[in-house]
Structures are given as structure tokens and as C-alpha cells.
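Let us walk through this model from the contact between its chains to the elements inside them.

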Amino acid sequence: MTVTTQTVTVTVDGVVVEVPAGTLIIRVAEMLGTAIPRFCDHPLLDPVAACRMCLVEIEGQGKPQPSCAVTVSDGMVIKTQHTSEMAEKAQAGVMEFLLINHPLDCPICDKGGECPLQNQAMTNGQGETRFEGTKRTFPKPINVSAQVLLDRERCVSCARCTRFADQIAGDPFIELLERGAKQQVGTSEDQPFDSYFSGNTIQICPVGALTSAKYRFRSRPFDLISTPTACEHCASGCALRTDVRRSTVMRRLAWDAPEVNEEWNCDKGRFAFPYTSEGRLTHPLVRDEAGNLGPASWPEALRVAAAGLAGIGKSTAVLTGGRVTVEDAKAYASFAREVLGTNDVDFRARAVSNEETAFLANHVANKPMDVTYGDLEAAKSVLLVSFEPEDESPIVFLRLRKAALSGTTKVFAVAPYTSAGLAKMKGTLLAAGPREEVSVIASAASHLSGDSVILVGERAAQTPGALTAVAELAAKTGAKLAWIPRRAGDRGALDAGLLPIDGRNTSEIVSATGSAVKGLVIGGVSPEDVDGDLLSAIDKAQFVVSLETRHTEITAEADVVLPVAVVTEKAGTFRNWEGRDRSFAAVIPTPGALSDADVLGELARELGKSLSVSDFWASATKPALKADAASTESVGNGQAVLSTWRHLLDKGSLQSGEPYLAATARVAVVRVSPATAQKLNLVDGGTATVSCCGNSASAPLIVTAGMTDDVVWLPANSEGSSLNLPSGCVVEVSQGGN
Amino acid sequence: MTLTPVLSAHWDEADSYKIAGYMRNGGYTAFKKAFATGPDEIISLVKDSGLRGRGGAGFPTGLKWSFVPQGDDKPHYLVINADESEPGACKDIPLMMANPHALIEGVIIAAYAMRANHAFIYLRGEVPHVFRRVNSAIREAYAAGYLGKNIMGSGFDLEVVLHAGAGAYICGEETALLDSLEGRRGQPRLKPPFPAVAGLYASPSCVNNVETIANIPYIVNNGVDWFKSFGTEKSPGFKLFAVSGHVNRPGIYEAPLGITMRELLEHAGGVRDGHKVKFWLPGGSSVPMLTPDLLDTPLTYEDIAAAGSMLGTGTPMIFDETTSVVRAVTGWLAFYKHESCGKCTPCREGTWWLSDVLHRFEDGHGTEADLDKLIDICSQIAGRSFCALGDAAATPFPAALKYFRDEFVQATNAPANESFDPVAATVFAGATR
């Protein structure tokens with residue numbers, strides 16, 4: 001396809017330049033290296049022309065014009081502050097206006113040193129103020145949320161935060177209130193604060209009006225050492241910048257990656273980093289003959305680990321968790337298959353199925369990057385299966401919302417109800433509980449074509465037949481297919497071969513431990529994530545080696561614990577859901593900090609072998625994809641089929657130590673359809689209890705219209721609900737509880 | 001020049017505001033004529049009449065209508081700006097009180113011409129009595145079959161909604177009005193797109209002033225030549241001049257454009273006895289003040305502009321020598337500060353600063369250096385702000401300083417209330433206290 005861009009010729013400060021028609025003047029100036037001062041302008045937000053800082057002279061027009069809102073036309077002659085007295089005076093005037101009521105608290109302001117107002121006051125303002133009155137004051141700060149604090153005196157009413165909330169995140173978050181000099185950012189009284197993206201408002205605030213509870217008053221920008229990094233939380237693959245002061249991470253910012261996260265990230269990626277410095281393992285641990293776990297030197301620990309694994313190598317299983325880098329994943333794959341000689345290796349710390357194994361092997365593993373964020377934006381329709389983007393890959397959500405609002409893309413979701421995220425994407429619900437998913441997937445073909453994309457989440461493994469149906473749907477319609485896991489390391493682990501081809505999957509490993517499986521090598525796995533009782537498997541295992549960053553339930557039970565580096569201490573690469581590599585450098589170079597790959601390399605050497613870098617998938621025999629049998633468990637009186645996923649901000653261990661972030665997490669609710677509510681005697685607004693196999697959770701009940709009958713939805717492992725079961729379980733649902 | 005009551009011809013009749021009164025005097029005949037003529041022809045007719053918007057800017061009405069794209073399969077909206085809030089302006093409110101049906105018939109014709117099936121009248125919220133009156137007039141028109149589905153068998157549908165504002169001057173700005181009408185905070189919108197392309201609910205819309213639209217039935221009934229027989233070539237027609245201030249008979253005087261202020265003053269019974277004009281404003285507080293030597297200037301868009309002011313809403317305010325210019329300007333700036341919507345920096349901060357400094361003058365604490373500063377602040381607001389509210393706020397002071405610098409200098413050491421007894425400027429001046 002040839003795209004012809006119409007161009008126009010304009011003159012900026014005497015320089016003649018040809019640019020695409022429709023370009024904003026301020027962007028043309030940027031192309032020429034001319035910085036026009038601005039506050040409200042943001043390239044990813046619609047122009048508002050409110051701050052008036054970017055006024056320039058356009059020949060033939062009597063008044064200076066806002067360069068952030070006027071597009072160029074052929075022959076336009078533009079003069080910026082560098083060549084126009086009118087523009088220079090107008091800008092100086094606006095700057096003076098902005099400063100008359102701005103508190104002179106730069107020395108204690110978080111923004112001081114990286115503040116557009118401070119910087120532009122120097123470049124485009126006057127040295128002295130002519131204001132002699134009393135500045136306007138407001139009580140401060142006020143909480144916009146637990147995390148975001150507002151200083152109304154510093155606010156310049158640029159509306160970047162409110163436009164972000166409205167145009168990008170789509171959350172009823174903050175709005176401008178009152179008028180005139182009393183205009184202020186405020187929160188709505190009857191719409192609760194609820195945004196996974198609130199931290200972006202702090203970052204794009206051009207003054208110190210919005211600050212985070214986490215970072216407020218903690219450091220000065222010029223004391224920080226900044227390193228470009230990649231986010232370790234989900235598979236979106238955000239570029240971040242990590243700022244460190246005296247070897248401590250002070251904050252993380254969304255960094256510029258136009259093809260991936262544009263300039264945004266989610267609050268989890270921004271604020272969930274205290275785990276990197278809390279409860280860390282500082283030295284290896286070895287269990288002595290009396291059964292006590294005690295400190296050991298690296299040589300001793302490696303020797304004990306090697307000795308323990310030497311005898312049972314082929315009967316050892318390797319579980320890596322979803323946080324491994326591409327480099328570490330390759331090391332685990334080589335260590336398992338070549339050093340230990342086992343095929344019992346699985347990166348999936350969650351409910352799994354052999355249908356999924358075959359699906360991943362045939363349709364995802366090691367595939368080139370053929371579905372990208374850009375494809376989502378260009379697609380005519382996108383079908384979501386077992387995937388709630390806002391909770392499970394927030395940047396995918398932002399991109400889909402952008403695509404949906406621009407009118408190019410229609411979003412359809414096979415889901416139990418219209419989630420807030422789906423509504424914000426103007427999406428269409430194809431209602432299905434776990435038992436209806438397969439048939440609804442098949443019937444979704446009418447919404448798809450060769451210009452469509454199917455995004456299937458990792459939860460599809462919980463529904464027998466779903467992944468087979470998805471693969472058939474893609475083949476039938478010609479739609480592109482992409483798999484979006486929840487964790488940053490999942491795709492890299494899959495590509496490295498950490499999938500049980502000819503071996504046991506996670507659940508099978510857990511149940512075979514103590515019999516066929518004698519030893520376990522466990523990376524970053526939380527026991528509650530695994531479908532099966534991992535802790536009692538560890539109990540039964542003959543020998544357990546744990547590679548961990550922190551003290552956990554697993555390290556407490558392991559025979560040898562080998563401390564490994566967290567992301568801030570090592571360089572590496574995460575491969576995001578697209579298959580795009582997101583490399584990062586060590587933020588805090590830490591002598592003695594070893595990555596998983598380093599440790600496995602040493603362990604291999606201790607075993608008299610070495611790690612290789614062979615391409616597993618080149619020679620792997622991929623199992624044929626066929627649907628697992630659907631559940632036939634009957635749904636009795638007082639029961640329903642569970643549908644569930646995790647909220648973005650859940651009880652995951654990497655979010656520990658950040659109370660302000662935790663306070664913004666969504667609280668669990670139970671959802672059922674009106675008919676199911678009646679059948680189960682549940683009352684809207686009351687409390688409902690969901691229980692299964694001795695575990696239960698109680699949460700407020702929301703009767704949800706349009707939901708599939710005989711299905712109950714409850715978030716997994718989230719604030720207000722610790723229940724952590726896969727979808728498809730038959731659960732008891734009753735009124736009441738606490 | 002004599003008065004020429006057209007809109008106000010029958011205001012003295014007891015039932016002028018009722019449909020019976022309106023029809024007795026020829027009302028509700030023009031729209032039938034318009035239906036028989038055809039929409040494009042009506043737009044041409046209004047264009048030919050040279051009618052200019054009576055809300056303040058004086059934009060040619062027919063041209064504005066022709067901007068609404070036709071045959072675009074989108075709903076079109078006619079919006080009547082009845083948010084009369086300009087200090088000194090009081091002509092739409094009396095018109096709607098005494099002759100609401102002229103407005104409604106004008107709405108029918110205008111909506112028909114621009115193919116709008118929905119019209120909204122955005123009335124300022126502070127006048128519930130006017131709201132009741134216009135509302136009952138709309139009800140009468142519906143009952144008579146002049147509004148609603150298939151009006152008089154013409155196949156033309158029109159629903160009219162009367163909406164009360166919530167007390168913001170900015171909502172008189174047409175795009176802020178549209179935002180307010182949509183249920184948002186009233187703040188002006190970025191243009192383009194202009195309302196004619198994407199106005200109310202992002203559909204083609206036209207926003208017209210009450211008096212402008214009330215003119216339409218009379219133009220349709222009496223023709224272009226009749227209309228052009230009033231006024232001047234560039235300012236044809238007649239105007240409701242609302243004369244207020246220090247005159248013996250303040251009120252509405254309907255006269256052809258081109259009447260002079262001196263003539264209008266005579267109709268209004270002249271300046272208060274024993275006093276003389278100190279300064280006057282042709283159309284609300286947003287236009288520069290003029291001095292008594294310009295009283296013979298014809299009140300037309302072009303002549304008042306040449307004299308250094310603007311016709312604005314055509315609602316002259318007359319101030320006699322008991323008035324403190326400092327107090328008057330400070331009062332106006334307090335208004336603009338209060339009404340600035342806050343969207344753009346120059347208006348939000350500039351009105352706040354101007355008001356702050358002017359209050360010092362009113363209290364007798366200004367300095368001569370402050371005068372230059374005020375002029376500079378005004379120059380940094382005018383032409384820099386997002387909408388015309390900022391321009392309006394920057395208008396009163398420079399004109400006042402030009403003519404009455406001495407008074408501001410005097411106010412550097414004497415409070416305005418000492419130099420000018422506030423009571424002397426009131427209607428109850430001289431009454432026994």
C-alpha cells in the first residue's frame with residue numbers, strides 16, 4: 001500500500017521547510033530544533049490551547065496564535081519567540097501570569113530540577129516579578145488517591161492530568177472544578193477514584209502539583225542516577241527509567257517507547273519495586289544433617305547442591321516461574337535438559353493443561369513477531385479470549401482503547417460480563433462462562449476477518465477445548481493470533497524451551513513429586529500460584545534446590561537455597577507478548593549479585609558440565625493440538641461455575657512493601673447474573689460467600705445484567721478475596737459471610 | 001431620528017406575551033410564508049437583508065446560517081443564546097418577557113431554513129420569571145400546532161427545548177454555551193471545528209442571539225427592502241437600545257441603527273437633572289468607554305468602531321459626573337475576575353491580578369507605576385486569551401486611563417469613595433437619610 005502524504009511548505013523563523021499537511025506548528029518547530037515553551041501541549045493528548053505559553057506570530061494575523069493547536073497551511077510564515085517581538089512578549093506575559101500565584105517553594109518541591117515551569121521561567125520569563133499582592137493559597141496537599149497527592153497552589157491548570165484520565169485511561173479520575181482563579185483539579189464525589197494508570201498524571205504534570213506518596217520529598221532529580229530499564233511485572237514490555245540515589249531505587253518512570261508503551265505505564269510497573277530491597281537473601285543457605293537451614297559459603301552451597309542433584313538428575317523437575325529473563329530462561333532450559341537430563345520443566349506457575357502445551361508449542365513458541373501493538377491499532381476487529389487486558393496486560397488495554405476510540409478497531413470479548421475495561425474500550429461482550437467459552441469462540445467467526453487479531457490469554461488453559469477452538473477460529477477466519485501471558489518472563493521462557501515437551505507439566509510435576517520425581521529445582525515460584533500443593537510436594541521431594549531473591553515459604557523448606565539477583569542488580573532481556581526483546585541494564589551494579597544464569601552455570605560446572613545455547617525448538621517434536629475433554633462435573637443446588645482472574649493489583653509477592661499502591665487496588669466483588677442470584681437466593685449489595693474444597697472468600701455481591709447464568713465471578717488472589725482457584729471449578733455460593 | 005417600534009410595537013398591550021396578542025398583530029404568519037418559500041430562499045433572504053447578529057459581534061446572520069452544511073445526513077441544531085449576562089445589557093430579557101412569540105416564530109423559520117429539527121433556547125438561570133414566560137409561550141405554540149411533528153402539514157418537525165443556565169457569564173460564549181448545554185462545565189471550545197461543522201453533540205449547529213432571531217419573522221413578512229429602509233448600508237435594520245445609567249427615563253428604545261446617542265438620550269429624558277454626561281459605553285461593559293464629545297456618533301457597527309469603541313449589544317450606559325471612574329472600572333474587573341472560566345492563563349491570572357491592583361486604587365493605595373503595569377497587563381491579556389472574555393476584561397481600564405488619568409493619579413493617595421461620594425451616583429441621591 002502506498003501512502004501519499006500531502007506536504008505543505010512553511011517558513012519558521014526564516015527557515016523554509018516542507019512538512020506533512022496537518023502538522024501542528026509546535027511540532028514543525030521541534031523538527032527544526034526550535035523549542036517553543038509549553039505546558040498544556042502533550043503529543044499524545046488532544047490540543048487544548050489553554051496555557052497560552054506557546055504563542056507564536058503568524059504573518060498576516062494580528063494576534064499571536066497557540067502553536068500547539070494551529071496546524072500549518074501552505075505558505076504560512078511563522079515567527080517564534082526567536083524572531084518575533086510579539087511572540088516573545090506574549091510568552092513572557094503568560095509566564096509572568098503563571099508565576100504570580102505560583103508558590104516559590106522550588107527548593108522543597110519534588111519537581112525542582114526537572115520542572116518545565118522552572119526551566120521555562122529561566123528561558124522565557126523575566127528575572128523580576130512585578131507582582132506585589134498576596135498569592136492565592138489552598139490547603140495542601142490533598143489526596144487525589146492514596147498514591148497521588150495534589151498541591152493546588154502549584155497547579156497551572158494545564159489539564160494534562162484530566163485529559164490523560166479522560167482520553168488515555170478512560171477513568172473517572174480527576175476533573176477541573178470551579179472557575180477563574182479558583183479553578184482546581186479535584187475528584188468526583190460520587191465516582192470513586194479507580195485508575196491503574198494514575199502515576200502517569202504525576203509524570204506528565206509540568207509542575208509539582210501532582211506528587212506521589214511514595215516519592216514525595218525523597219530526593220532531588222539532580223541527585224538521581226537514571227538507567228533505562230524494562231518492566232518485570234507483566235508481558236506488556238514497558239520501557240521504564242529507574243532512578244537511583246545512593247544505591248536505592250527512588251522511583252520508576254514510564255519511558256519513551258512509541259512502538260510499545262508510547263509514554264505510559266501502569267501503577268504496578270511504576271510503584272511496585274520495594275520488593276527488590278526487602279527481605280532479600282544475602283547468602284546461600286544449606287540444610288545440615290540435623291535438618292536446620294543455615295548460612296553457607298557459595299562453594300559449599302554449590303557443592304551440596306551438586307551432590308544432591310547428581311544422583312537424581314533425570315528424576316529432577318525444574319520449575320522456573322514467570323519472572324525469568326531470556327538469558328536466565330536459556331540457562332534453565334539447558335540446565336534441565338542437558339545438565340540434569342530431565343524433560344520435566346515448566347515455566348507455568350499456574351493452572352496448566354497439555355492442550356495448552358501443544359498450543360504453545362505449535363502456535364506461539366519461537367514464532368517471529370507477527371502481531372504487534374501497531375497491528376492492534378490497525379486491526380478491524382480484535383477478539384479477546386480468556387484475557388482481560390486492563391487487569392492482565394494494561395498497555396495492551398491502553399492501545400486497544402486508543403484503537404477503539406479512533407474508530408478503526410472494534411473489540412469483542414469472550415468473557416463472563418462486560419468489565420469496566422471492556423466498557424472503556426467500547427467493546428462488545430460475547431457472554432460466556434467457562435463452560436460456554438468453546439462454543440462462543442467458534443461462533444465469534446462472524447466478527448473476524450483477515451484484518452482481525454485474536455488475543456488469547458493464559459487463562460485459556462483453564463478451559464478444556466478453548467485453545468483448540470481459538471486455533472481453529474484463526475485458521476478459519478485468517479485472523480492473526482497472539483498469546484498474551486500475564487508475566488514478563490513467560491514468553492522468553494517459552495521460546496527458550498521451558499515447556500514440558502515429552503515431560504511433565506507443572507501440575508503433573510507436583511503430583512509426581514515423591515514418586516517418579518525425586519528432586520526439584522525451583523526458581524521464582526509462589527506456591528499459591530500453582531494448581532496443586534507445591535509445598536507438600538517439596539516436603540515429599542528427596543532434594544530441593546531453590547534459586548530465590550527473597551526468603552519465601554519455599555526457601556524455608558529447600559535443602560539448598562541459592563540467592564539470585566533481582567532485576568535492578570543485573571542486566572538482561574524480557575521478551576514481551578509480541579516476541580519483542582526488551583533489554584535492560586543493571587541499575588545498581590552489585591558486586592556478588594549473580595543472575596539465575598550465573599548460578600546455574602556455576603552449578604553445572606560443579607556437576608562437571610557446562611550450559612549450552614542450543615535452540616530447543618529447532619529439534620523439538622511438537623505434540624499435536626487436540627482439545628481436552630470438557631468438564632462433566634454437575635452443578636448442583638447452591639452451586640455455580642467459577643470464573644475468575646486476578647486484578648492487576650493483587651496479592652502478588654512483587655507488590656509487597658508498597659502500601660500506597662496497595663491502597664489503590666480494586667476490592668473484590670462477587671458477580672452473578674440476575675437469574676442466578678434468584679436461584680441462589682443472593683441479594684444485590686449483600687455479602688456472598690464462594691467456597692470450594694475447604695477454602696472460601698466473602699465479598700459484596702453485584703448482580704450483573706448480561707452475565708451468563710450459573711456462573712459466579714470473583715477475582716483471584718486479590719484484595720478482599722484470597723481464593724485462588726482456576727476458572728471452571730464448581731463452587732458453593734451462599735448469602736452472607738464476612 | 002424617531003423611534004421605530006417593531007419588536008416592541010405592542011409591548012404596552014396587556015397580552016403582548018400571549019399567543020393571542022401576538023397573532024392579533026400579525027404573528028405566526030411569517031413562518032407559513034417561509035414554508036411556502038423554501039429553506040434556501042429564506043437563507044438568501046436573510047443574507048440579502050444584511051441582518052447582523054445582535055449578541056455583540058455583529059456577524060452577518062444569513063452568512064452564519066449558510067455555514068451549516070446541507071444534505072449531510074446529520075442532525076442539525078439551532079441554539080438560541082438567551083444567556084444575556086453582560087453588565088449593562090438588558091434587551092433580550094425584556095423582549096422575551098413582552099414578545100416571546102416573535103422569538104419562537106423566528107426559531108421556527110431559522111430551524112426550517114437550516115434544516116434543524118431541534119432547537120434549544122439557552123436562557124440564563126437567574127431569571128425564573130422569564131423562564132416561566134418563555135416556557136408557557138412554547139407550550140402555547142405547541143398547542144397551536146406551530147411546534148412539534150409535521151408543523152401545519154408541512155412535513156417539517158421541530159422540537160424546542162428551553163434550558164436554564166446555572167449562572168456563568170462565560171456560557172454566553174457560544175462554544176461554552178454548547179458545552180454547558182451538553183451537561184459539561186461551561187468552558188469555550190477549541191476552534192476549529194466551528195459549531196457550524198461540529199457544534200452541539202458534535203453536529204452542525206448554529207448559535208444565534210434572541211434579538212437576532214426575533215427579527216426574522218418581521219423580515220420575512222415585510223421583505224428585504226422594508227428592513228433595509230432602516231439603518232445604514234452596513235448596519236441595516238432597527239435595534240432594541242437599552243439605555244441605562246444616569247438618565248431620567250432608562251429603558252428600551254427601539255430605533256433604527258444610526259440614531260445618535262444624543263438622540264437616544266433625548267428619548268430617554270436626558271441626563272439626570274442638574275448633571276451632565278461624564279462618559280458612556282455604547283454596548284455593555286466589554287466595550288471601551290467614550291466621552292461626551294462623541295455623543296453625536298451614529299450608533300452603527302461601523303461608526304462606533306471608527307470612534308474607538310464597539311456597538312456590542314447596543315445597550316448604552318450613561319454615567320454622569322458623580323461617577324468615580326476608578327470605582328466603575330474596579331467593579332467591572334471584579335465581575336470579569338469572578339466570571340473568568342479559568343481555562344486559559346492570561347484571563348484566569350490576568351483578571352485576578354488586574355482586580356487586585358485596581359482594588360488598591362479604589363482604596364487610595366495605587367502608585368503611578370502601577371498604571372503602566374496595569375496597561376501592560378491588559379496588553380498581555382488582550383489577544384492572548386482563549387476567548388473574547390479575556391479581551392473584554394482588558395478593555396475597560398485602558399480606555400478609562402486614556403480619558404481619566406487624573407482620577408487614577410488622584411486615587412494614588414485618596415480612596416475613590418472620598419473623591420466621589422458613592423451615594424451621589426445613586427437614584428436615591430439627595431433623599432433624606
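Across the interface of chain A and chain B, 24 residue pairs are in polar contact, both partners at pLDDT 80 or more. A polar contact is a pair of N or O atoms within 3.5 Å; within protein, one must be able to donate a hydrogen and the other to accept it, and residues adjacent in sequence count only if both atoms are side-chain atoms. On the side of chain A that touches chain B, α2(A) gives the most, with 10 residues. Helices (H or I, at least four residues) and strands (E, at least two) are DSSP runs, numbered from the N terminus.

This is a predicted model: local features need pLDDT of at least 70, side-chain atom pairs count only at pLDDT 80 or more, and totals for chains, interfaces and linings use all residues. Residues are numbered from 1 along each chain as its sequence is written, chains are lettered from A and ligands numbered from 1 in the order written, and side-chain values use heavy atoms, without hydrogens and water.

Six salt bridges link chain A and chain B (a side-chain nitrogen of Lys or Arg within 4 Å of a carboxyl oxygen of Asp or Glu). One of them joins B:Asp376 and A:Lys89, at 3.0 Å from N to O.

Now turn to strand β25 (residues 560–563) of chain A. Strand β24 (residues 543–548) of chain A runs parallel to β25(A), with four bridges (two strands pair if DSSP finds at least two). There, A:Leu547 has A:Leu562 as its bridge partner. Strand β14 (residues 285–287) of chain A pairs with β25(A) in the antiparallel sense, over two bridges. Here A:Val286 partners A:Val560.
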